[in-house]
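Okay, thanks everyone. Let me put the model up and walk you through a few side chains.

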Amino acid sequence: MDGSKDNVTVVTKETSNVVDNGNSKPIGGTAKDIKAVYQDGTAVTDFLSDIDLELTYSSGELLSALGSSGYTLENINNLLISYYDNASDSWRTIATTVLLYRADGTLLSASDPIGSLDSVTLRAKTNHLTLF
């Protein structure tokens, strides 16, 4: 091996060029196009096992996306990561863990008011990278 496959770069680009077919709605109408490429520019298409995916949103981003009536802890706790499946022309949800954080980096407790929310991290496992 010449070393060209040793280094991988992950590239994330926000895009508003997303399909809204009614079954899922990207946060704020934008999706994250996530790709991995080797140093020589070749796309990484296979992983030996599932990889961890984390998407983090500020409370301001969520308020803007959900609106004041939709900005509730219940709605935020029900957020799911979805990927766009070209074959079925639809968004496919994947098992998602939602973590709510205060400004000091500690987890929000169930008794905390929504005003204490600083950011939300959505975590999932995936076997590929695409539009999320």
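So, Asp112 is buried, at a relative accessible area of 16%; buried here is under 20%, exposed is over 50%, and partly exposed is in between, with a 1.4 Å probe and protein chains only. Bear in mind this is a predicted model: local features need pLDDT of at least 70, side-chain atom pairs count only at pLDDT 80 or more, and totals for chains, interfaces and linings use all residues. Numbering runs from 1 along each chain as its sequence is written, and side-chain values use heavy atoms, with hydrogens and water left out.

Where does Asp112 lie? In the loop between strand E6 (97–101) and strand E7 (119–126); strands are DSSP runs of at least two residues, numbered from the N terminus. Its side chain meets that of Arg102 in a salt bridge, 2.6 Å from N to O; the rule is a Lys or Arg side-chain nitrogen within 4 Å of an Asp or Glu carboxyl oxygen. Arg102 sits in that E6–E7 loop too, ten residues apart from Asp112, and is partly exposed at 25%. The Asp112 side chain also reaches the backbone nitrogen of Ser109 at 2.9 Å.

How many salt bridges are there by this rule? Six. Another one of them pairs Glu54 with Arg123 at 2.7 Å, N to O, linking strand E3 (residues 51–58) to strand E7 across 69 residues. Both ends are partly exposed: Glu54 at 45%, Arg123 at 36%.

Over in strand E7 there's also Thr121, which is buried at 6%.

Technical notes:
Helix = DSSP H or I, 4+ residues; strand = E, 2+ residues; numbered from the N terminus. Polar contact = N/O pair within 3.5 Å; in protein donor to acceptor, adjacent residues only side chain to side chain.
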